[in-house]
Amino acid sequence: MRFEDLEAFLEVCRQGNLHRAAEVLDVTQSALSKTLARLEQQAGLPLFERAPRGLLPTHAGRSMQAHARRISLAASDLRNEMTEQRLARAGGVRLGAIPYLIPTLLSPLLAQFFVSRPLAVFSIETHLSAKLMEMLQNGEADLIFAARPTRVPDGIASLPLPRLTMQIVARTGHPRLASFRRLTDLVEERWAVPAASLYLRQWLEQRFTDAGLAPPRVAVESTASPSTFGELLRRSDLLGIMPSSSLHQTEGQGLAALDCPDMSWQHELAVLWRADGYLSPICQDFRDAAAAWNRVSSL
């Protein structure tokens with residue numbers, strides 16, 4: 001099987017649509033159809049089935065997708081390693097980070113790192129943890145700084161970072177603020193929360209489940225950082241969650257922490273990378289610098 005055919009196959013899997021995949025690959029739809037037919041002939045099995053949502057991989061297609069992704073990542077690792085050798089130790093690092101960690105960790109860490117590595121080049125994308133993990137697994141980031149999931153996916157290695165304390169919050173003028181003493185007092189309230197697919201939302205709902213309560217009543221959900229709801233919470237009676245440190249910053253003005261049992265909890269943060277992927281010397285140095293930063297901050 002040709003590498004180019006496998007790359008085209010992966011793009012069709014991503015898009016779920018032959019026309020869109022052809023546009024991304026800058027080939028004709030007819031040429032792409034011939035590529036898929038060639039792969040199916042070599043596999044001896046159909047690789048896609050048509051569904052209302054578009055093209056879906058068959059069982060054989062999913063198996064090929066898993067192998068093709070590993071081949072694609074290995075090729076990407078090889079390209080990165082050759083680039084790194086050309087650039088010696090002045091190469092680039094692709095980072096992903098949750099927004100909270102940009103001012104609290106990455107900015108001071110980068111400033112310190114540039115003292116000894118002034119030619120280093122970094123690109124940083126900010127997303128919430130679930131999206132960052134997807135980027136890492138797809139080879140779109142070298143290192144991510146994110147919440148450590150309860151179950152770390154196979155093939156992912158990590159080192160701990162300082163923990164993040166999350167707090168249930170409401171506006172200081174909330175008419176029922178004084179009556180919020182326990183989680184049971186919040187069951188009738190409405191919330192602005194992260195989307196259901198995100199770790200923070202899952203952890204919040206777990207707090208209610210552990211207390212034998214129904215999940216929070218959602219009024220607004222979003223894949224944005226919880227801190228972006230600050231203005232909404234200040235202007236409504238919705239409840240939300242926010243890093244405790246944000247309450248002392250602009251986004252937390254006019255908001256109060258519900259300082260009661262079970263209304264705050266800590267999340268484990270980590271720097272994560274693909275254990276079997278290529279990690280350039282400069283990536284390794286930056287990862288180790290982050291781990292050292294954590295050890296110093298924990299003293």
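Predicted model: local features only at pLDDT ≥ 70, side-chain atom pairs only at ≥ 80, totals over all residues.
At what angle do helix α1 (residues 3-15) and helix α2 (residues 18-25) pack? They meet at about 130°, with their axes 8 Å apart. That makes α1 oblique to α2, since angles under 35 degrees count as roughly parallel, over 145 as roughly antiparallel, 65 to 115 as roughly perpendicular and the rest as oblique.

Residues are numbered from 1 along each chain as its sequence is written, and side-chain values use heavy atoms, with hydrogens and water left out. Helices (H or I, at least four residues) and strands (E, at least two) are DSSP runs, numbered from the N terminus. Axes are lines fitted to C-alpha atoms, for helices over the stretch in contact, and angles run from 0 to 180 degrees between N-to-C directions.

**The helix contacts**

Back to α1 and α2: α1 passes α2 in a right-handed crossing (the near helix is turned clockwise from the far one by less than a right angle). On the α1 side the contact (heavy atoms within 4.5 Å) uses A8, E11, V12 and Q15, and α2 brings L18, R20, A21, V24 and L25.

Helix α3 (residues 29-43) also packs on α1, and α1 is roughly perpendicular to α3.

L18, H19, A21, A22 and L25 of α2 touch Q29, L32, S33 and L36 of α3.

| Pair | Angle | Axis distance |
|---|---|---|
| α1 and α2 | about 130° | 8 Å |
| α1 and α3 | about 110° | 10 Å |
| α2 and α3 | about 105° | 9 Å |

By class, α1 with α2 has six nonpolar, one polar and two charged residues. For α1 with α3 it's seven nonpolar, one polar and two charged, and for α2 with α3 six nonpolar, three polar and no charged. (Ala, Val, Leu, Ile, Met, Phe, Trp, Tyr, Cys and Pro count as nonpolar, Asp, Glu, Lys and Arg as charged, and the others, Gly among them, as polar.)

Strand β7 (residues 190-194) and strand β8 (residues 217-222) pair in the parallel sense over five bridges; pairing takes at least two DSSP bridges. W191 sits opposite V218 in β8. Together with helix α7 (residues 199-210), the two strands make a right-handed β-α-β unit: with the strands pointing away from the viewer, the path from the first strand over the helix to the second runs clockwise.
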